[in-house]
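Grab a pencil and work through these exercises one at a time. Try each task before you read its solution.

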Amino acid sequence: MPILTLDMIQTVALASVVLFLGYGIRKRVGFLDRFNIPAPVIGGFLFASVALALRLSNVLAFEFTNTLQSPLMVAFFTTIGLGASLGLLRLGGPQVLLFAGLATLLAVFQNGVGVLLAKLLSVNPLLGLITGSVTMTGGHGTGAAFGKVFEEQYGFAGAVTLAMASATFGLVAGGLIGGPVGTRLIGNLKASGKPAMSTAVNTSGLDLSNASLDAEIDTEPIGEAPTAYTLLKTLAVILVAMWAGGLLSTWLGAYVTLPGYIGAMIVAAVFRNVFDRLRLVRLEQRTVDDIGTVALSLFLSMALMTLKLWELLDLALPMLVILAVQVGMMAAFAYFVTFRVMGRDYDAAVMAGGHCGFGLGATPNAVANMNALTDRFGPAPRAFLVLPMVGAFFIDFTNAIVITTYLNIVK
């Protein structure tokens, strides 16, 4: 069978083509767009499927040079670290801390249930972590990152493939259950005589004004493109954080098992808050986010287009069993825990619906769930402040700690 070998540049070039193929397909298929399936996932899975068919037919096999895949992954998580501003945490106040605690507790439960079921089903307990908070709370980015750790350090063949399939399942499931959970809770509020929508713009005592948000987040004006200087400055900070973070990860790795991005994410968070405190370097959050989006998109495209889908076959049924249980637990957690802890009011109900998308997929899924609810029942400003803030900046830190703790227990 002929083999087509692609060098580093050719691999990245193909990844970019696969990425925009995914964008084109998502734009034309309403289901994919409605459930916020990432474009790299669509294009990557499509290419991997074609590559599988060619391989099984003995027509052609691909060999890729993934030299840039790990640096792109680390760059993305470094931008997450640069977004972890204590100013944002102060802006959200106790509600942000409370929801971050709930999201972290859910990650603990997800991994506990996953590992327990994996042992009952007599499969590798690492599959329990993959179908736990690695992909449910973590999504595709964290799934691919830890999947590489499981493959390279623990010899779990097909871990990245399983992680991508699990994360995609979670995205769809989170989009499906969020609306019904939130609607049921809001219906209960109506039945009890409580307001079924926010009675005030600010129900939490937080400063939700645009001026306050702009001052804390320090974004560029909408529509204004960053200058070359701004891009270079931000890129320089990211690269230095990756450099210093690599040294930190090496040192920490002597004591605990960690994915390669943890050190860079920690260093980046320190940089961000030192810069904010001392006003040494002004970072534009929009530019940081844009660089992170580029890095994540290319990283996921490369990870997905190189999937070995044939490695899914033996573990497909146990994985589906664990994922089905995770979906049920997420719905119950949002209904009985998130709603009650976050205030038992309308905003809490909307947040519970959003938590289904957040805890099974990604922040955009959570926002989509909450949008669907507020379009029908009215605005929920506290929910839209708290949940995206935790999803965008804080959960990656705590989830990495939870996963690493479990990993060092079950390894």
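**Exercise 1.** Find which helices and strands each supply at least two residues of the lining of the second largest pocket.

*Solution.* Step 1: the elements to look at are helix 3, strand 2 (61–63), helix 8 (139–154), helix 9 (159–191) and helix 13 (285–305). Helices (H or I, at least four residues) and strands (E, at least two) are DSSP runs, numbered from the N terminus. A pocket is an open set of points on a 1 Å grid over the protein atoms alone, where a 1.4 Å probe fits, with protein on both sides within 12 Å along at least five of seven lines; lining residues have an atom within 4 Å of a point.

Before going on, note that this is a predicted model: local features need pLDDT of at least 70 and side-chain atom pairs count only at pLDDT 80 or more, while totals for chains, interfaces and linings use all residues. Residues are numbered from 1 along each chain as its sequence is written, and side-chain values use heavy atoms, with hydrogens and water left out.

Step 2: helix 3 gives the most to this lining, with four residues.

Step 3: the second largest pocket holds about 550 Å³ of space. Its lining has 25 residues, and Phe-64, Asn-66, Thr-306, Leu-307 and Lys-308 sit closest to the centre.

Step 4: sort the lining by type, and you get 13 nonpolar, five polar and seven charged. Here Ala, Val, Leu, Ile, Met, Phe, Trp, Tyr, Cys and Pro count as nonpolar, Asp, Glu, Lys and Arg as charged, and the others, Gly among them, as polar.

**Exercise 2.** Work out how helix 8 and helix 13 pack.

*Solution.* Step 1: their axes are 11 Å apart, at an angle of about 55°. Axes are lines fitted to C-alpha atoms, for helices over the stretch in contact, and angles run from 0 to 180 degrees between N-to-C directions.

Step 2: the two helices are therefore oblique to each other (under 35 degrees is roughly parallel, over 145 roughly antiparallel, 65 to 115 roughly perpendicular, the rest oblique).

Step 3: who touches whom? His-140, Gly-141, Ala-144 and Ala-145 of helix 8 meet Leu-296, Phe-299, Leu-300 and Ala-303 of helix 13, contact being heavy atoms within 4.5 Å.

Step 4: that contact splits into six nonpolar, two polar and no charged residues.

**Exercise 3.** Is helix 1 oblique or roughly perpendicular to helix 3?

*Solution.* Step 1: helix 1 (residues 8–28) and helix 3 (residues 39–56) pack at about 110°, with axes 7 Å apart. Step 2: that makes helix 1 roughly perpendicular to helix 3. Step 3: on the helix 1 side, the contact includes Leu-14, Tyr-23 and Arg-26, and on the helix 3 side Pro-40 and Phe-47 are among the partners. Step 4: the contact residues come out as eleven nonpolar, three polar and one charged.

How values were computed
Grid points are joined across faces, edges and corners, and a volume is the space filled by probe spheres set on the points.
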